[in-house]
Amino acid sequence: MTDASLRHPRDVLFEEGDAVPDLPVCDHYCGVEARMRKSLDLQAELGPVFDVTLDGEDGAPVGGEVEHAHLIAELATSAQNRFGRVGARVVPVDHPAFVPMLEVLLPRAGDCLAYLMIPKPRHLADLEQAVSIIDALAAQAGLTRALPLHALVETHGALRDVFAMAAHPRIESLSFGLMDFVSAHRGAIPQSAMGVEGQFQHPLVLRAKLEITAACHAAGKVPSHCVVTEFKDSEALQQAAERACRQLGYTRMWSIHPDQIRPIVDAFSPTAAEIDQAVDILLAAQAQDWAPIRHRHQGRDQLHDRASYRYFWQVLQRAHRTSFSQGPQLPAEVRERFFGENTGA
């Protein structure tokens, strides 16, 4: 049983305002009705280890965005939205359907949507305008909460303003829009940079990815990695997801096909050895009321204090966040102590 006298990591290791949004590591996009429904069924099966973003931009027929918003609202408010982890992508703020889509989504599904994704802001001013419109329409719809907002960085101006965008108080995640970003260079970046290998090699693309992660981590927001279009190459996808997570600092990644979800979640999951080490250190630290401890790892004694405890707590959070419903990665004692109903985590 949990000892009530033991203080929880969140109460000791972090200052007020340090909390990063607790988002699933995979964001699955779908826009065709049959695929939307199948994605929601898969989420019900696997658990909320991935978000489902119902796509009202690229997923909607040209000219049919408002009708598509009605479908998104229907699905978001249905029993298929079992975990409340369904979001919606709308059109850009300068699109004529931006306000009409919101006038459908917010009154009908505003209380059920986990977030709205804002695509193609050309600069910070576009984002601020979109936020202002969303919040005004949400107030008119009688929403009592500030609907979380995500945005895509896929233009030169958005990349220039990325630190200011990440710091915006209404933003909880920024995603990299690879395809539009490459296209915005008017052929100066080759088409190969959109592929699974080239996007990790071209300097301008790598610079953009790193600017986004740096901005997000500086502001306590979640950086979300772009798509891999080669959805049938599971090995290449796994390697890309591992590079995004382990080398570039991303904590979330897009999926555009159901077969990509498991490899992405697996790649963003800590290894068994990382989990074991984190569990050992945090249990020992908590027993010492978070004073420094000596821990033996791989035959060497190491000193740990609250600086490293924060890292290991984040490892456990990631393990908990990526546990499929069929088999959680964390031991029962750890789940009860750190993630039980009475911990508030």
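**Domain range, a buried arginine and a helix pair**

In this predicted model, residues 54–258 are 43% helix and 14% strand, with the end C-alpha atoms 14 Å apart.

Q: Which domain does UniProt list for residues 54–258?
A: The range comes from an unreviewed UniProt entry. Over residues 54–258 the chain is 43% helix and 14% strand. The name that the entry lists for this range is "HpcH/HpaI aldolase/citrate lyase".

Q: Is Arg-85 buried or exposed?
A: Arg-85 is in the loop between α3 (65–76) and β3 (86–89). Leaving aside neighbours within four places in sequence, its contacts include Leu-23, Pro-24, Gln-43 and Tyr-115. Burial requires under 20% relative accessible area. Because its relative accessibility is 18%, Arg-85 counts as buried.

Q: How are α12 and α13 oriented to each other?
A: Helix α12 (residues 272–287) and helix α13 (residues 306–321) have axes 9 Å apart and pack at about 125°. An angle over 145 degrees would count as roughly antiparallel, and 65 to 115 as roughly perpendicular. The angle of about 125° therefore makes the pair oblique.

Q: What is the handedness of the crossing in which α12 passes α13?
A: The two helices pack with their axes 9 Å apart. The crossing of α12 past α13 is left-handed.

Definitions and conventions:
Residues numbered from 1 in each chain as written. Predicted model: local features only at pLDDT ≥ 70, side-chain atom pairs only at ≥ 80, totals over all residues. Heavy atoms only, no water. Helix = DSSP H or I, 4+ residues; strand = E, 2+ residues; numbered from the N terminus. Buried < 20%, exposed > 50% of the residue type's maximum accessible area, 1.4 Å probe, protein only. Contact = heavy atoms within 4.5 Å. Axes fitted to C-alpha atoms, helices over the stretch in contact; angles between N-to-C directions. Parallel < 35°, antiparallel > 145°, perpendicular 65-115°, else oblique. Left-handed = near helix turned anticlockwise from the far one by under 90°. UniProt positions renumbered as here; feature names shortened; annotations may be inferred.
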